[in-house]
Amino acid sequence: MKIINRYLCKNFLGPFVLTFFVALFVLLMQFLWKWVDELVGKGLEIGQVLKLLFYASITLSSMAFPLAVLLASLMTFGNMGERYEIVALKSAGISVRRLMMPLAFLSLLISVVAFEFSNEIIPRAAIKLRMMLFDIQEQKPAFNIDEGVFYYGFDNYTIRVGKKMPDGETIKDVLIYEHSRHQGNTTVTYAKSGTMKMTPDKRYIMFTLYDGSFWDEASYTNQRTSRQQYPLTRATFSKQYKRFDLSEFSSMGVNDESLFQNHSTAMSIRQLNEKIDTLKKEIRECANASTNALMGYLFFYDKLVRNDSAFDTLSNAVAYDLARVDSALLPKIMQSADNKSRSAVFSVKFSYQDASFRNSYLWSYQIEFFRKFSLSLACLLFFFIGAPLGSIIRKGGIGIPLVITVVFFTLYFAISIIGEKIAKNSPMPVWFGMFLSSFVLFPICVFLTYHATTDSAVLSPDTYTRFIDKLKNIKIFRKKSNEGPTTLS
């Protein structure tokens, strides 16, 4: 039996590893498709791109584990069924249930590894990934001035180069607009030729301009007439230098990790649990503060009322008759009541908004908390779908198992999205929404496993073929006997 167990594990681990990396590649392509607009044109080095893909692949691995288990189990039992190995083992007294046991324990081990991976390694990679994505988003496009195109990469400057020589440094017909005073393009520099070189420390780019002109039309207000005046300053030069700062084009890796540690994907189970308890406590405090403030504003017995002799006997009363109030004090009392009621409404609204804001964070942390368990549980559930289904359909290779894998994984992914929406926007518990896909898959697992281990003919193609043949043999309309018509005597 040990030989059979080793044989099963060997046939399972090969497709599992291959499918895992194929699924990871597909998920990584989806990630690149999402962020391609942010990555293109930023002048990223190959090392930075590979580092970004490495962190992204780690964060996406939690989705690749269930997909790999499903396809690997389908291929393993499908190949064995196609080669009649399952039939031979059954004839030797080894049931399908016994064949599934070693791979079930292996799938359970994969589920545990996937959980530990998502709990310990993925949060650290998520922090690094978010840091790099934030740097890339804040980074300006790579410095690249094309011929005849206005370049807006530098703050307060617009540059146009008419022609660039093949050496990449000599430029012709240079036009530079400066709008640092935010008055429009009032300062213009034009040069017939020049050079464009980067300093040795790569912090600045130096423009050396030759045979040019300078215009400056600065506006100011005339104190006598209070009108805007625009005197024009014009000068010519044979040689001029202009320096532009490049530090904003290479700002990768300057962020602090502490800025991203509070995100839900960057936390372990222990950190998420602590954060959830803290937010629940803060939400309760907001509700208590709102209630206390509301009750305090409702009882608006101010000093004007308490000091009035007409209310000496009613100082502890809950309500009083405004008709007994001095007419001189009545407007002040009404104004005080109006102010306090407005303050009460504002206090309740502020507390409600604060609680709603904290509640949204609470949902995100709870969703991530249960996601770690649901994805690990999916590895085990997908095995009990793939293994019995493979032994039933008895088709190996990559074709039919891949189609079935895509169908079930798409179903799982769609239900997971629906469950996450339910967890966010409904009074249902968060755990119900996050485990909704598991609740749907579990009956399918039980159904397939039962019929595969009991050799049921429910899912056998021959059963449905014989049923269709029986339907064809049923004569709905029988032919009438060939008798002549009856006549009346």
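This is a predicted model: local features need pLDDT of at least 70, side-chain atom pairs count only at pLDDT 80 or more; totals for chains, interfaces and linings use all residues.
1. Let me start with helix α2, which covers residues 46–82. Its 37 residues would reach 54 Å as a straight helix at 1.5 Å a residue, yet the end C-alpha atoms are only 46 Å apart. If you follow the helix along, you will find a bend of about 50 degrees at S61.

2. Just after α2 comes Y84, whose phi is positive, at about 60 degrees.

3. Next, the surface. A nonpolar patch is formed there by L18, V22, F25, V26 and M29, and together these residues have about 480 Å² of accessible area. One of them, L18, sits in helix α1, which spans residues 2–39. L18 counts as exposed because its relative accessibility is 57%, and the cut-off for that label is over 50%.

4. Now to the charged pairs. Side chains of opposite charge can pair when their charged atoms come close. Searching the whole structure gives seven salt bridges, and the points below take up some of them.

5. K192 and D211 form a salt bridge, with 3.6 Å between the closest N and O atoms. This pair links distant parts of the chain: K192 belongs to strand β4 (residues 187–198) and D211 to strand β5 (residues 204–217), 19 residues apart. D211 is partly exposed, as its relative accessible area is 43%.

6. E274 is partly exposed at 45% relative accessible area, whereas R270, at 53%, counts as exposed.

7. E420 and R371 make a salt bridge as well, and here the closest N and O atoms are 3.5 Å apart. E420 lies in helix α8 (residues 399–425) and R371 in helix α7 (residues 330–393), so the pair ties together parts that are 49 residues apart in sequence. R371 is partly exposed, with a relative accessible area of 25%.

8. One last thing to view alongside that pair: E420 and R371 belong to a network of salt bridges that also includes E368.

How values were computed: Residues are numbered from 1 along each chain as its sequence is written. Side-chain values use heavy atoms; hydrogens and water are left out. Patches are made of residues with over 30% relative accessible area and no salt bridge: like charges are joined within 9 Å, nonpolar side chains (Val, Leu, Ile, Met, Phe, Trp, Tyr) within 5 Å. Accessible areas come from the Shrake-Rupley method with a 1.4 Å probe; for residues, only the protein chains shown count as cover. A salt bridge is a side-chain nitrogen of Lys or Arg within 4 Å of a carboxyl oxygen of Asp or Glu. Helices (H or I, at least four residues) and strands (E, at least two) are DSSP runs, numbered from the N terminus. Buried means under 20% relative accessible area, exposed over 50%, partly exposed in between (1.4 Å probe, protein chains only). The expected span of a helix is 1.5 Å times one less than its number of residues. The bend at a residue is the angle between axes fitted to the seven residues ending there and the seven starting there.
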